[in-house]
Amino acid sequence: MSAAQALRLPLDVDLSGFIDLLRRLQVPHRVSLEGEEQVLWVPQAQAEDVRDLYQRFPDGQAEVQAPLTLEADPQPPRGSLAEQARGTWMCSLVLIVSLVVAIVTGLGDNLSTVRWLTFLGFQVQGDYLQFTSLAQGLSEGQWWRLVSPIFLHFGFLHLSMNALWFWELGRRIEQRQGPWVLLGLTLCFGLVSNLTQHLASGPTLFGGLSGVLFGLLGYLWLFQRLAPNEAFRLPRGTLASMLIWLLVCLSGVISALGMGAIANAAHVSGLLVGCLAGLLGGALARRRLSH
């Protein structure tokens with residue numbers, strides 16, 4: 001059975017109450033974002049009933065006596081991976097840049113190219129790395145170093161796990177708030193996590209999207225709490241699994257097993273600044289919807 005558009009509404013219309021009503025009625029549904037509008041998809045045979053239901057209960061405040069009898073229908077197709085990538089081009093671009101950097105740097109093994117993207121510039125002196133100071137690098141106009149470490153990855157597993165999580169989290173923000181919001185958040189969280197990691201560890205090599213990922217997680221988490229929207233609803237267990245991973249890293253188990261040093265300061269600072277951004281953004285969105 002095919003899906004149909006039941007509602008097409010501006011982004012500033014809060015559908016959370018009505019979506020909750022559909023969920024209680026056990027109505028298969030999905031909300032997608034198309035430009036400046038949100039589209040509610042339901043089974044084609046039920047589209048008219050859902051539109052009538054919205055006319056009567058737009059805020060979802062209705063007593064539900066029994067599940068609505070509907071023909072089973074899966075959620076509308078989300079499109080191929082290529083179509084999803086085109087629809088969230090900023091998220092895709094960040095991942096493409098990370099992949100290109102991984103190839104050029106040999107996943108961190110080619111120090112002659114790695115040194116152009118590290119937080120501090122360095123020269124190889126025998127078996128040691130001699131780092132320049134942050135002040136010197138900035139005075140020479142190397143401002144890109146403040147964020148460029150987010151594109152550095154050391155090993156295939158490091159790259160693949162970060163890429164999968166960035167795709168899962170980043171595209172949700174881009175779908176709801178657009179590519180430039182995602183870019184701004186990525187750069188902001190990257191800047192904060194890189195700077196904090198440098199202050200915590202001193203002159204050393206570090207990199208990866210992990211700090212940004214925890215920032216996006218905190219942002220989605222608290223924004224969704226204050227201004228619910230289907231686009232920001234994370235798969236069950238996502239928040240718990242990432243927070244458990246953070247605690248495992250903080251425990252030192254990963255380093256003790258010889259799997260490399262973990263940039264814990266970047267993770268924690270990314271999560272904190274992401275939560276702060278989510279609180280501010282969610283509060284503003286909630287206030288806007290209430291007027």
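Me: Why is Phe223 called buried?

Reply: This is a predicted model, and in it Phe223 has a relative accessible area of 3%. Buried means under 20%, so Phe223 is buried.

Me: What makes Tyr219 and Phe223 an aromatic pair, and why is the pair called tilted?

Reply: Their rings are 5.4 Å centre to centre, and rings pair if their centres lie within 6.5 Å. The planes are 50° apart; under 30 degrees would be stacked and over 60 edge-to-face, so the pair counts as tilted. Both residues belong to helix α9, where, being 4 residues apart, they are separated by about one helical turn. In an α-helix, residues three or four places apart point the same way.

Me: How do you know whether Tyr219 is buried or exposed?

Reply: Tyr219 has 5% relative accessibility. The limit for buried is under 20%, so Tyr219 counts as buried. Tyr219 also forms one aromatic cluster with Phe223 and Phe232.

Me: What makes the charged end of Arg176 sit over the ring of Phe232?

Reply: The charged end of Arg176 is 4.5 Å from the centre of that ring. The distance limit is within 6 Å, and the charge must also be within 35 degrees of the ring normal. Arg176 is reported as sitting over the ring of Phe232.

Me: Which residues of the largest nonpolar core touch the most other members?

Reply: They are Phe166, Ile173, Phe189, Leu216 and Tyr219, in a core of 38 residues. The elements giving two or more residues to this core are α4, α7, α8, α9, α10 and α12. Helix α9 gives the most, with 9 residues.

Me: With which residues is Ile173 in contact, leaving aside its neighbours within four places in sequence?

Reply: Ile173 is in contact with Gly178, Val181, Leu182, Leu185, Leu216, Tyr219, Leu220 and Phe232. Apart from this core lies another, of 18 residues, among them Val27, Val42, Val50 and Leu53.

Me: Why do the buried residues of α2 line one face of the helix?

Reply: The buried residues of α2 are Ala47, Val50, Leu53 and Tyr54. Seen down the helix axis, they fall within an arc of 120°, so they line one face. What covers them includes β1, α1 and β3. On the other side of α2, Glu48, Gln55 and Arg56 are exposed.

Me: What makes the pair of Phe119 and Phe206 tilted?

Reply: The angle between the planes is 35°. Phe119 and Phe206 are both buried. Phe119 is in the loop between α5 and β4, Phe206 in the loop between α8 and α9, and they are 87 residues apart.

Me: Why does His267 count as buried?

Reply: His267 is in helix α12. Its relative accessibility is 6%, and buried means under 20%, so His267 counts as buried. Leaving aside neighbours within four places in sequence, His267 is in contact with Ser210, Gly211, Phe214, Leu246 and Ile262.

Me: How do you know that β4 and β5 pair?

Reply: 4 bridges join the two strands, which run antiparallel. Pairing needs at least two bridges, so β4 and β5 pair. Phe122 has Phe131 in β5 as its bridge partner. The two strands form a hairpin with 2 residues between them, and Gly126 in the turn has a positive phi of about 65°.

Conventions: Residues numbered from 1 in each chain as written. Predicted model: local features only at pLDDT ≥ 70, side-chain atom pairs only at ≥ 80, totals over all residues. Heavy atoms only, no water. Core = buried A, V, L, I, M, F, W, Y, C linked by side-chain atoms within 4.5 Å. Buried < 20%, exposed > 50% of the residue type's maximum accessible area, 1.4 Å probe, protein only. Contact = heavy atoms within 4.5 Å. Arc of directions from axis to C-beta. Phe/Tyr/Trp six-rings, centres within 6.5 Å; stacked < 30°, edge-to-face > 60°.
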